[in-house]
Amino acid sequence: MTSHRKHLVRDLNHFITCYICKGYLIKPTTVTECLHTFCKSCIVQHFEDSNDCPKCGIQVHETNPLEMLRLDNTLEEVIFKLVPGLREKEQQQEIEFWRRNKVKESPDEDGPICKKTRVDEDDDVKGDGDYHRSDPQIAICLDCLRNNGQMGENIVKGLMKKVIRCSTRVTVGTIKKFLSLKLKLPSSYELDVLCNGEIMGKDHTMEFIYMTRWRLRGENAVMEYGAIRSRVRS
């Protein structure tokens with residue numbers, strides 16, 4: 001017979017507590033650049049004063065780190081199942097908070113719970129694949145550099161559909177991740193994205209590149225990409 005090993009909640013605290021407030025993660029929110037997770041209110045407040053991850057120190061975004069946050073609803077459900085009474089406690093505290101701040105201004109409203117539902121629905125919309133759907137859009141042609149590998153070897157191939165449509169707030173880093181997935185690029189290769197022969201920084205947005213490169217020069221929105229094998233230290 002197989003024996004079932006029991007684990008105490010405190011054994012898992014390292015994975016379900018917030019690095020900032022040291023409490024259990026409430027509305028767990030992950031930084032997409034480094035995948036560290038914090039309470040939503042904690043990380044939003046932190047980004048009011050800094051653009052760096054509070055845990056690893058990596059720069060999340062040059063101008064707007066809030067764009068790089070995503071809610072983790074699955075982790076939230078796991079935490080509520082692991083910690084007895086945490087969900088009820090948080091709901092009660094939220095009700096009391098809205099009551100103190102007099103959110104219920106008219107008798108037609110259903111109270112704080114209804115307000116909470118609307119907030120969560122908005123968050124869910126931001127967490128899906130149409131996060132930037134209300135932003136201004138831009139069409140970009142992604143061209144593969146010729147003979148972009150070492151010794152003239154073509155490491156990456158061209159996309160079947162070169163033109164993509166995306167938000168002007170999308171960063172070069174996101175474009176690089178998109179290309180890596182589409183081209184199934186091995187982790188041993190380093191991908192660069194270029195505009196007019198100049199390598200673009202990962203935090204440059206499409207709007208910034210459009211305003212400083214394409215618009216001023218009257219050029220089409222074309223970017224090039226290529227990959228080289230990363231150097232492995234012996």
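**Exercise 1. How many bridges join β1 to β3, and which way do these strands run?**

The model is predicted: local features need pLDDT of at least 70, side-chain atom pairs count only at pLDDT 80 or more, and totals for chains, interfaces and linings use all residues. Residues are numbered from 1 along each chain as its sequence is written, and side-chain values use heavy atoms, with hydrogens and water left out.

Step 1. Strands (E, at least two residues) and helices (H or I, at least four) are DSSP runs, numbered from the N terminus. Two strands pair if DSSP finds at least two bridges between them.

Step 2. Read off the pair. β1 and β3 are joined by three bridges and run antiparallel.

Step 3. Turn to β2. Three bridges also join β1 to β2, again antiparallel, and Phe38 in β2 is the bridge partner of Thr29.

Step 4. The three strands make an open sheet in the order β2-β1-β3, with antiparallel pairing. β2 and β3 (69-71) are the edge strands, each pairing on one side only. From one strand to the next the twist averages 35°; the angle is taken between N-to-C directions of axes fitted to C-alpha atoms, on a scale from 0 to 180 degrees.

Step 5. Look at the hairpin. Between β1 and β2 there are five residues, and Leu35 takes a positive phi near 70°.

**Exercise 2. Find which way the residues of β1 point, and describe the setting of Thr29.**

Step 1. Buried means under 20% relative accessible area, exposed over 50%, and partly exposed in between (1.4 Å probe, protein chains only).

Step 2. Pro28 and Thr30 point one way from β1, while Thr29 and Val31 point the other way; all are buried.

Step 3. Thr29 has a relative accessible area of 3%, so it counts as buried. Its side chain reaches the backbone oxygen of Lys27 at 2.9 Å, a polar contact (a pair of N or O atoms within 3.5 Å; within protein, one must be able to donate a hydrogen and the other to accept it, and residues adjacent in sequence count only if both atoms are side-chain atoms).

Step 4. Contact means heavy atoms within 4.5 Å. Not counting residues up to four places away in sequence, Thr29 touches His36, Thr37, Phe38, Lys40, Ile43, Leu69, Arg70 and Leu71.

**Exercise 3. Place Ile43 in the chain and list its contacts.**

Step 1. Ile43 is in helix α2 (residues 40-46). Its relative accessibility is 0%, so Ile43 is buried.

Step 2. Leaving aside neighbours within four places in sequence, Ile43 is in contact with Ile20, Thr29, Val31, Phe38, Pro54 and Leu69. Leu69 is 26 residues apart from Ile43 in sequence and 8.9 Å apart in space, C-alpha to C-alpha.

**Exercise 4. Explain why the buried residues of α3 line one face.**

Step 1. In α3 (residues 73-82), the buried residues are Leu75, Glu76, Ile79 and Phe80.

Step 2. Seen down the axis of α3, they fall within an arc of 140°, so they line one face of the helix. The arc is that of the directions from the helix axis to the C-beta atoms.

Step 3. An α-helix has 3.6 residues a turn, so residues three or four places apart point the same way.

Step 4. Thr74 and Lys81, on the other side of α3, are exposed. The buried residues are covered by elements including α1 (13-16), β1 (28-31), β2 (37-39) and α4 (86-100).

Step 5. At the start of α3, a side-chain oxygen of Asp72 comes within 3.4 Å of the backbone nitrogen of Thr74.

**Exercise 5. Is Met223 buried or exposed?**

Step 1. Met223 is found in strand β8 (residues 222-229). With 0% relative accessibility, Met223 counts as buried.

Step 2. Beyond four places in sequence, its contacts include Ile140, Val172, Leu194 and Trp214.

Step 3. For the chain, 29% of the 234 residues count as buried.
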